[in-house]
Amino acid sequence: MQINPPPQGMLTLVTVLVFVALGEGSMMSFEDSVWDSPPYFDDSTVREVTAAAGYPAMLRCRVRNIGDRAVSWIRRRDLHILAIGIMTYTNDPRFQAEHSEGSDDWTLKIRSARPADSGVYECQISIDPKISLGIHLNVIASHARILGGREVFVRRGSDVNLTCLVETAPAPIELHWARNGRPLDFSQRGGMSILSERRARTSQLLMSRVSPRDAGNYSCYPMGNSGTDAAFVLVHVIKDENSAAMQHESSAPPTEAHSIALFAAIVVTLSHTSGAR
């Protein structure tokens, strides 16, 4: 007895239905396996973060198999909940939670970080029991230093090179210059430029053909830091070397010999005054 094969159209329909059934089952099995796998912290998460004061501090937490669970950020020293998901729960506007859809990275950003922000921050996953990962933040205050002495004497018409550096802050760092407490205005003077190396944490202020109006108190300071972290140098513009010597002597504190001479003069003056009476 000969059995005729089914029509071609019916065979195709049966094949599609079987494929869909198997595909749905495989998909459900895959989703169930993913959901059953507990979330965990990726080993690539950086546990020690160093930031410069005045710059953003970025704390990144990488979580696998997160599903629809939420990630929270908690400051350990006071157990303050800073963020849940991408929603922040603090009055400090410097704190911001960041996350891109589909990404495993959850970030806590602190704009203009301060040394007081140093400490441990916990990245926590809301499962039972909860699991958390501590990330230590160290914010370093940047202290500038200008090479050379506190005072610089330069002859009128010569060139000046002031070099400022920061040794304690993590690179890169941005340095700024000011004169008499005000940022330098390059539009008011030609022949002045700044050469900066952010990774080397150095900055050079170059002035050509200085004049007496270039004299003043120059300061160098890291971006975002207060004036207490700045370095200062007093620049004197003089006519010749003799002027520098005279100015230095006039600004020097009195010596012991000067004090004795002054005391003797006062005694003599008082003696003559008493004799006259």
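Let's start with Ile 81, which counts as partly exposed because its relative accessibility is 39%. For the cut-offs, buried means under 20% relative accessible area, exposed means over 50%, and partly exposed is in between, using a 1.4 Å probe and protein chains only. Ile 81 sits in strand S5, residues 80-84. When I say helix or strand, those are DSSP runs numbered from the N terminus, with helices being H or I of at least four residues and strands being E of at least two.

Quick housekeeping. This is a predicted model, where local features need pLDDT of at least 70 and side-chain atom pairs count only at pLDDT 80 or more, while totals for chains, interfaces and linings use all residues. Residues are numbered from 1 along each chain as its sequence is written, and side-chain values use heavy atoms, with hydrogens and water left out.

Back to Ile 81. Together with Ile 84, Ile 86, Met 87 and Tyr 89, Ile 81 makes up a nonpolar surface patch, and the accessible area of the group is about 480 Å². Patch members need over 30% relative accessible area and no salt bridge; like charges are joined within 9 Å, and nonpolar side chains (Val, Leu, Ile, Met, Phe, Trp, Tyr) within 5 Å. A salt bridge here is a side-chain nitrogen of Lys or Arg within 4 Å of a carboxyl oxygen of Asp or Glu. The areas are from the Shrake-Rupley method with a 1.4 Å probe, and for residues only the protein chains shown count as cover.

Now the sheet around S5. What is the strand order in the open sheet of six strands? The order is S2-S10-S9-S4-S5-S6, and the pairing is mixed. Strand S2 (48-52) and strand S6 (87-88) are at the edges with a single partner strand each, so each has one side left without a neighbour in the sheet. Pairing means DSSP finds at least two bridges between two strands. S9 and S10 run antiparallel and are joined by seven bridges; Ile 125, for one, has Ile 131 in S10 as its bridge partner.

While we're there, look at the loop between strand S9 (119-125) and strand S10 (131-140), where you'll find Pro 129. The peptide bond joining Asp 128 and Pro 129 is cis, with omega at about -5°.

Most residues other than glycine have a negative phi, and most peptide bonds are trans. Asn 65 isn't a glycine, yet its phi is positive, about 55°. Asn 65 is in the loop between strand S3 (57-64) and strand S4 (71-75), and it counts as partly exposed because its relative accessibility is 31%. Leu 79 also has a positive phi, near 55°. Leu 79 is in the loop between S4 and S5 and counts as exposed, because its relative accessible area is 64%.

Zoom in on Cys 61. Its relative accessible area is 0%, so it is buried. Cys 61 touches several residues beyond four places away in sequence, among them Phe 41, Thr 45, Trp 73 and Cys 123; contact means heavy atoms within 4.5 Å. Cys 61 and Cys 123 are 62 residues apart in sequence, and their C-alpha atoms are 6.5 Å apart.

One more stop: Thr 45, in the loop between S1 and S2. Thr 45 is buried, because its relative accessibility is 9%. The Thr 45 side chain has a polar atom 3.1 Å from the backbone oxygen of Asp 42, and it reaches the backbone nitrogen of Arg 62 at 3.2 Å.

Finally, the whole protein. There are three helices and 19 strands, and 30% of the 277 residues count as buried.

Technical notes. A polar contact is a pair of N or O atoms within 3.5 Å; within protein, one must be able to donate a hydrogen and the other to accept it, and residues adjacent in sequence count only if both atoms are side-chain atoms.
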